[in-house]
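Let us go through this model in short questions and answers. Each answer ends on the value or name asked for.

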Amino acid sequence: MPRAFFHFALKAAIDDPMADTATFIAQKAMYGGKTINIGDRIFLFASETHGGRGLIARGIVTAAVATPRTDALRQTPRVSVTIRREGVAKRACGRGELRAWRQGPDDAPQFELDFKLYRQATDKIVGLTEATAAWLERFF
């Protein structure tokens, strides 16, 4: 069965936005995020709930390991990833910039990002459509 996503976004607390590599342990994987794999493109969003400002970088996944499930009944899948930074965002794209797109249209890249990243405040890895990934490339 072919994978649905090859581009991803990660929203998390990012201590050093200029680090060449970063590792994120046991991140929630939602909206296809559990299919992340080595070599996939990923866009890094510094979580505003942790003092970040939204989109800060893009990179390539250099390691991806699924976290084993516990005995919890409704556990969200989790993945640990290591990312090599390949670019720094030149302009802002975060909660404030995406808020206006909450009412759609459903096929807009801005709507997809707002829905997947900001509908819930949790940090997470999500799969992105090709159109949304192409739109995010314009920030670099």
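Q: Does Q27 count as buried or exposed?
A: The relative accessibility of Q27 is 12%. Under 20% relative accessible area is buried, over 50% is exposed, and partly exposed lies in between (1.4 Å probe, protein chains only). So Q27 counts as buried.

Q: What pLDDT must side-chain atom pairs have to count in this predicted model?
A: Residue numbers start from 1 along each chain as its sequence is written, and side-chain values use heavy atoms, leaving out hydrogens and water. The model is predicted: totals for chains, interfaces and linings use all residues, local features need pLDDT of at least 70, and side-chain atom pairs count only at pLDDT 80 or more.

Q: Which residues does Q27 contact, leaving aside neighbours within four places in sequence?
A: Contact means heavy atoms within 4.5 Å. The partners of Q27 include P77, R78 and V79. Also among them are D123, K124 and I125.

Q: What value is phi of A26 near?
A: A26 is found in strand β2. Its relative accessible area is 24%, so A26 is partly exposed. Phi is positive here in a residue other than glycine, near 50°.

Q: Where does Y31 lie?
A: Phi of Y31 is also positive, near 50°, and Y31 is not a glycine. Its relative accessibility of 27% makes Y31 partly exposed. Its place is in the loop between β2 and β3.

Q: How far apart are the C-alpha atoms of G51 and A13?
A: G51 lies in the loop between β3 and β4. It is exposed, with 69% relative accessible area. G51 and A13 are 38 residues apart along the chain, and their C-alpha separation is 7.9 Å.

Q: Which residues does T122 touch, not counting those up to four places away in sequence?
A: T122 is in the loop between α2 and β6. At 28% relative accessible area, T122 is partly exposed. Its C-alpha is 17 Å from that of R102, 20 residues apart along the chain. The residues that T122 touches are K11, K28 and M30.

Q: Which elements do the buried residues of α2 pack against?
A: Helix α2 covers residues 109-118, and nine of its ten residues are buried, so the rest of the structure largely encloses it. Among the buried ones are F111, L113, L117 and Y118, as well as E112, D114 and K116. They pack against β1 (7-12), β3 (41-46), β4 (54-67), α1 (95-98), β6 (124-128) and α3 (130-137).

Q: In what order do the elements of the protein chain run?
A: Helices (H or I, at least four residues) and strands (E, at least two) are DSSP runs, numbered from the N terminus. The protein chain has three helices and six strands. From the N terminus, the order is β-β-β-β-β-α-α-β-α.

Q: What share of the contacts between residues at least 6 apart joins residues at least 24 apart?
A: The C-alpha trace spans about 40 × 35 × 30 Å along its principal axes. Of the 140 residues, 46% are buried. Residues at least 24 apart account for a share of 70%.
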